[in-house]
Number of protein chains: 2
Amino acid sequence: MATFSVPDHVPPVAEDCEKLRKAMQGWGTDENAIISILAHRNARQRCSIRQTYTEKYGEDLFNELEKELSGDFLRAMLVWTPHPAERDAMLAKEFATNKKSEGYFVIMEIGCTRTSQELFQVRQDYHARYKRSLEEDVSCGTSGDFRKLLVPLVTCYRYEPHDESVDTELVNSEAKILHDKISHKDYSHEEIIRILTTRSKPHLRATLQNYNDQFGHPINKDLKKHRKDEYLALLRATVKCLTCPEKYFEKTLRLSMKGIGTNEETLTRVVTTRAEVDMKHIMEQYQRKNNVSMDNDIKGDTSSDYRTMLLALIN
Amino acid sequence: MATFSVPDHVPPVAEDCEKLRKAMQGWGTDENAIISILAHRNARQRCSIRQTYTEKYGEDLFNELEKELSGDFLRAMLVWTPHPAERDAMLAKEFATNKKSEGYFVIMEIGCTRTSQELFQVRQDYHARYKRSLEEDVSCGTSGDFRKLLVPLVTCYRYEPHDESVDTELVNSEAKILHDKISHKDYSHEEIIRILTTRSKPHLRATLQNYNDQFGHPINKDLKKHRKDEYLALLRATVKCLTCPEKYFEKTLRLSMKGIGTNEETLTRVVTTRAEVDMKHIMEQYQRKNNVSMDNDIKGDTSSDYRTMLLALIN
């Protein structure tokens, strides 16, 4: 469930373009006008605006935004406005070769929480933009256990069944395989990777439920034995993203705003990538978990146009 | 370059369907009539025939062929007639879970010799037909080194540059990496897999040429030290398929007809999958290598309608 609102009567694209042009011309910039348009149009409408803007004024809207805006507000605008596949290709490029642990999480998010068709569109867009393949960069930018997990996550084309019916015998045997490998601390065993990166999501949900029933606790408890291990943290996050993404994103948002200071990069990424998808569920989860609304926390952690933009996307 | 011929004036689809229907009705079957139609229509035309046949007669053409034909001729017809993506999905399904070494080669062929877009279509068709993903079956049906190589080969979406220009520094360094791992007999090292399964074909051609220039002999010579090792044989075949597929297919065809007896399954697969693509190059290579034409060898190794069908596809 999306959270941002599109007006009942959307003005013609040309009119949106004229208002954007006006908001960016001359001295000063009318940030509110820009937000009132771009934060209230869906992906298809934003793509039309960008295209028409180029045709009308011979300038790329994104270059114009870069000239006029700055800081976190600019980044939020540039991440939000493109088509989701283009946005993901840009995020993946930024993080595929970024050897900080955050990069691993961004790549994993893209591999686990987009539909199979969406993920393939990201790969197509990656070819078009960067003249190389997504897996080429991900496998170059990683090694060892991280590579073993991340490359199949971004190259998979999971089957998406129309219902939740599963092969219970297979579910049972694969829950046992996972438990066996985890008991032997073989956390990057090829069978764990195979199951997590090729099975359909309903099959995985059933397998992990079966794991819980057979062994008395959730798989992520068994993967928590070495809290500081980065690969294990990524593996736990993968399990969450595949089976209950709203919980993963709630936690990611919570941590981005926790304590003193804010991780704006993460906050921007999660809000912009989920506003059109499942932000309503994430916000409900946030309220349940923290006894405070997410917009309240965002208000406290951000300011000015950046705050206005994020709030527009979640309301 | 394709080898089969489509007449200058192709009759209307309905007329083809009527002739096929007539050839299969009553006592006996007119095999020549079936060949004269299906072996002389391109993929798009064959798909139209199948669709129109179902609409006109309420029967699937493939079921009808199965009732009327048999043996190698039937198999050749059933492998040839579908759309290439559907055919590949069927071949992949048949061989993904077939633990004989031939299965590994079929999966590798599909992963290495189809264009990126074609390979993705195979994966889409696989979803539609089998309600699971290609990589799901390939990874279930393999393990160890075979799995490490084959899963990324069937999930890759290689970048396809418009020209042969490459990053010479990268080419040089990756040739060194390959040589280093091979020298240490680490034939399934993750870096060998990464390079072969993610790099573009022009980059790979340049890298293997550089390997030859730097180290004085082709990579496949270094991979031949243990001739009987099945994984090494698959790795050598992968290198050939990625860089000079006509040589790989020539050898595969030659071996399928060598000595007493014929491997009809292989002969059928290579002829039907390459007739519409690069069979002309394969036949030229065959002539160069064996000093005899391929049709001559096929004539000697096959008979009856099966022979007529194969010869129609390569002439």
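**Exercise 1.** Identify which residues of helix α20 (residues 304-314) of chain B are buried, and state what they pack against.

*Solution.* The model is a predicted one. Step 1: a residue counts as buried when its relative accessible area is under 20%. Step 2: in helix α20 of chain B, the buried residues are Y306(B), M309(B), L310(B), L311(B), A312(B), L313(B) and I314(B). Step 3: these buried residues pack against five helices of chain B, namely α2 (31-38), α5 (71-80), α17 (264-274), α18 (279-290) and α19 (294-301).

**Exercise 2.** Determine where the partners of the salt bridge between R50(B) and E86(B) lie.

*Solution.* Step 1: the closest N and O atoms of R50(B) and E86(B) are 3.1 Å apart, and a salt bridge requires a separation within 4 Å. Step 2: R50(B) belongs to helix α3 (residues 43-57) of chain B, whereas E86(B) belongs to helix α6 (residues 84-96) of chain B. Step 3: the partners are 36 residues apart, and the pair links distant parts of the chain. Step 4: E86(B) is classed as buried because its relative accessibility is 12%.

**Exercise 3.** Classify D137(B) and R132(B), which form a salt bridge, as buried, partly exposed or exposed.

*Solution.* Step 1: the N to O distance in this salt bridge is 2.7 Å. Step 2: D137(B) has 2% relative accessibility and is therefore buried. Step 3: R132(B) has a relative accessible area of 23%, so this residue is partly exposed.

**Exercise 4.** Describe the backbone and the surroundings of K131(B) and K185(B).

*Solution.* Step 1: most residues other than glycine have a negative phi. Step 2: K131(B) has a positive phi, near 55 degrees, and phi of K185(B) is likewise positive, near 55 degrees. Step 3: K131(B) lies in the loop between α8 (116-130) and α9 (134-140) of chain B, while K185(B) lies in the loop between α11 and α12 of chain B. Step 4: K131(B) is exposed because its relative accessibility is 51%; K185(B), at 53%, is also exposed.

How values were computed
Residues are numbered from 1 along each chain as its sequence is written. Chains are lettered from A and ligands numbered from 1 in the order in which they are written. This is a predicted model: local features need pLDDT of at least 70, side-chain atom pairs count only at pLDDT 80 or more; totals for chains, interfaces and linings use all residues. Side-chain values use heavy atoms; hydrogens and water are left out. A salt bridge is a side-chain nitrogen of Lys or Arg within 4 Å of a carboxyl oxygen of Asp or Glu. Helices (H or I, at least four residues) and strands (E, at least two) are DSSP runs, numbered from the N terminus. Buried means under 20% relative accessible area, exposed over 50%, partly exposed in between (1.4 Å probe, protein chains only). Contact means heavy atoms within 4.5 Å.
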